[in-house]
Structures are given as structure tokens and as C-alpha cells.
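Have the sequence and the 3D view at hand as you read.

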Amino acid sequence: MSMTRRCLWLMLTLLCWAAGIAPAGAAGMVFGLAGKRVDDANFQAAWRGCEAEARRQGDRCLHLGEPGPANVRVQDAAIRQALEEGLHGLAVSVTHSAYLAEHGLARARADGVPVVTFDSDLDASHQALRRSYIGPDNEAFGRTLGDLVRQRLPRGGKVCLMSADAHDPNLDLRLKGVRRSLGQDASAGAAPLRGQAGWTELARCPWFNGDQPERARRQMVLSLDTLKADVLISVGHWPVADVAAYEAAIQGLAPRKENAGEAVFVGIGTMTAGQVLLLRRGLLGGAVELDFDAMGRAAYLAMKRLAGGGRVDAFVRTPFKVHVGAAGGTP
């Protein structure tokens, strides 16, 4: 880990202690929540929800992982280290199903530690390793995002889709959902759209940004400016993760593409005040918002029940909300 990342990780750890998290020797059960990265606001919200529920029952919920772009090997190493130190349950947002199934989750099964997934599930072939998936129906999430775009552009157009990684299970399902909505074809999903219901994906897309917002903004600008896409649909928050940088990029396009922000649609976690303002000002076409706090709370409750020998539903659905940007913007 670089010195900068070590410093950030130390700062996060000290903040956790300042918030009153119990020390390692305290009584109660210990559960682990492994998001895709610990410095992402969405996974921080999930951990806070998990920790709040755990503290009510005298337990702890540890936030497992490191800062920096999502990386399955980093996530797996954090899981295995926590298992060595002792866990009563584990919740994982899956980055790469096969890798985790062969490594950290196989270790959890061998140790008898119950596993749930949240936000991002294991592939169907690996789901025997977890007891429950907690989160949205990711394909339905993608369809909702596609429906939002179709309302704005009912005749179709040229589109670029955006994700983080081609191997990310939940994001792959969202892409499929977007294609099924736009193409009005329940059998669509893996293949790019080629004119179905008026929609065509440009040859350079879909974009995979490696979970890096700066790269996502460059890809967004390339899509709307050079490639002349009518719309960019990101199944995650990456283009708008840094609101000021996103607005600067959109304003830079304005002389060549009027109301450029109205052509950008995103899937997102809990929205910040700045992101809500983008919608109100017409600098963002629309968003579908997840509830990561609810995921974290439900993950703890499921792990607690499993640790006590109880049963949980195989799918615990959490909500999402639809936000429509103001066409033409407001002052």
C-alpha cells in the first residue's frame, strides 16, 4: 500500500475509534462487511447501517478492505485476514464471483462462517456459498434506468453504456437490464443494441472505467463530444462522484452541445446535496438511487440470525428511487 493510502486508512481507522466503536476485547459477536472499497461513500453508508444495528445488540460490524479502486485480490485478502481473526458472519459485495468463490468464501465455508452478499451477488454457479442476497434486483434497477431514458428520448438514438468492470456481477446485470428496457426485448442483455426500438450502441462502448471517476468523466466527454452519442448511461455513480469536476466537464461541452448534462443518466447510491442540485439545474438527465444504509442494516440482521442458527430469506430486497432531471434547467 502506498504511503498516501496508508495515511488515509489510518485516518479512517482513527475516525472509527472516535465514533465509539468497541475495542477488540469487548463482549458480543463480531461481523464483517466487505464492500468493494472502504473509501466509497456508498459502502461507508452500508457499514454505518450495519454498525448502528450491531451496536444496538452489543455487537460489532467491522468494515473490511482498503481504500482505492475496487480490486478483488485486495478484497479477498481483507476477508481472509478477518476470518483468521474470527468472525461470526460475513457480508460481501462481490467484485469477482469466481475468484472469491475459490478463495475467501471457500475459507469462510470451511470455517463455518455464514456468508450473505449485498449490493452485488455471486454468479448463479457460486450462490451455494452464500445464505442470502441483500440488495436491489439489479436487472430491475437497470430496466428502471433504461425506462427513465426512454421517457426522455422515446424515439431512441445513439447510446454509450458505462460500467466499472466487465467481471462485476451486479453491474453486468444492470447493463442487461438497460438493454432490455431500451430494446424492448426481454431476450436482450449481453449483446450491444443494434437498432432495436431505435437504439444503437456506439462501437467504442460500453466503457469500463476501472472504478475511477476521472477516467469515467473522460469517457463521458468522448462519448458526447467526439462520438456524438445522444445519451450516456452509467450504471454507477462514477461520472458524478466529484460534482465540481463533473459540472466543469459538462460546462466545457456547452459551446458545442447545448444542455449536455441532460444526456447523462446514472445509477447511484445515496445522493449528495450537490448531486441533487445537478438534477434541479438540468445538468443531469436523471438518476436511479439505491439505499446502502438499508442494505447494511439488513445485512447485520441476517448475519445475526444465521449466527444464532436461524434462517433467512434467500433474497432480501431493498428499495431504490427514481429522480428525473429538470429539462432546460433552473437558475
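## Ground rules

This is a predicted model, in which local features need pLDDT of at least 70, side-chain atom pairs count only at pLDDT 80 or more, and totals for chains, interfaces and linings use all residues. Residues are numbered from 1 along each chain as its sequence is written, and side-chain values use heavy atoms, with hydrogens and water left out.

## The disulfides

How many disulfides does the structure hold? There are two, where a disulfide is taken as a pair of cysteine sulfur atoms within 2.5 Å. Number the bonded cysteines of the protein chain in sequence order and the pairing reads 1-2, 3-4.

Let's take Cys-50 and Cys-61, whose sulfur atoms sit 2.1 Å apart. Cys-50 belongs to helix H2 (residues 41-56) and Cys-61 to strand E2 (residues 60-64), so this bond ties together parts that are 11 residues apart in sequence. (Helices, H or I with at least four residues, and strands, E with at least two, are DSSP runs numbered from the N terminus.) The torsion about the S-S bond of Cys-50 and Cys-61 is about 100°, which makes the disulfide right-handed. Both cysteines are buried, meaning under 20% relative accessible area with a 1.4 Å probe, protein chains only; over 50% would be exposed, and in between partly exposed.

Then there is the disulfide from Cys-160 to Cys-205, with an S to S distance of 1.9 Å. Cys-160 lies in strand E6 (residues 157-163), while Cys-205 is in the loop between strand E7 (199-201) and strand E8 (207-208), so the pair links parts that are 45 residues apart in sequence. The link of Cys-160 and Cys-205 is right-handed, with 50° about the S-S bond. Cys-160 and Cys-205 are buried too.

Is strand E11 (residues 286-290) enclosed or open? Five of its five residues are buried, so E11 is largely enclosed by the rest of the structure. Gly-286, Val-288 and Leu-290 are the buried residues on one side of E11, and Ala-287 and Glu-289 are those on the other, leaving both faces covered.

E11 pairs with strand E10 (residues 264-268) in the parallel sense over four bridges; two strands count as paired if DSSP finds at least two bridges between them. Across that pairing, Ile-268 stands opposite Glu-289. E10, helix H10 (residues 273-280) and E11 form a right-handed β-α-β unit: with the strands pointing away from the viewer, the path from the first strand over the helix to the second runs clockwise. E11 also pairs with strand E13 (residues 320-324), antiparallel and over five bridges, and there Ala-287 stands opposite His-323.
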